[in-house]
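Colleague: I am new to reading protein models. Could we go through this one together?

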Amino acid sequence: MVLGAAALLFVLDRTLLSALDDAATGRAADLTVGLRTDPPADLDSELFGTDPRIALVQVVDTAGAVVRSSQDDLGLPVTGVNPPMGGAPVRGLVSHETGGADLRTTVQGARGVGGDYTVVVAAS
């Protein structure tokens, strides 16, 4: 019985993590598409909205500076991972927010208006 409960908890944990990664990856894809036609400052503010799943959204330029964020204080990128431009997103990274919370982070490289960017979406 204990083994069955442990297996159930494992499956539930993996399902939750997969749902978080899917939400972050979907948002990263939407931002990547938006960057093809608009600079970061002109992207729809809804793309930077947070909800119970999405905790943080950042667009980072090639110099490593956050140029647009879901937070008022742009701060530093929550990850230093820089995937190739136009490649598949890197999912399931564990990052730490300034407040110490663990975040599931998806990072995707994007070619955009005015340059290349790294899109960072963190879920919690």
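Modeller: Gladly! A nonpolar core is a set of buried Ala, Val, Leu, Ile, Met, Phe, Trp, Tyr and Cys residues joined through side-chain atoms within 4.5 Å. Buried means under 20% relative accessible area, exposed over 50%, and partly exposed in between, with a 1.4 Å probe and protein chains only. This is a predicted model, where local features need pLDDT of at least 70, side-chain atom pairs count only at pLDDT 80 or more, and totals for chains, interfaces and linings use all residues. Residues are numbered from 1 along each chain as its sequence is written, and side-chain values use heavy atoms, leaving out hydrogens and water.

Colleague: Which element gives the largest share of the largest nonpolar core?

Modeller: That core has 16 residues, and Leu31, Leu35 and Val119 are among those touching the most other members. Helix 1 (2-35), strand 1 and strand 5 each supply at least two of its residues; helices (H or I, at least four residues) and strands (E, at least two) are DSSP runs, numbered from the N terminus. The largest share, five residues, comes from helix 1.

Colleague: Is Thr106 buried or exposed?

Modeller: Thr106 lies in strand 4 (residues 102-112). Thr106 is in contact (heavy atoms within 4.5 Å) with residues including Asp21, Pro89 and Val120. With a relative accessible area of 0%, Thr106 is buried.

Methods:
Lists of a residue's contacts leave out its neighbours within four places in sequence.
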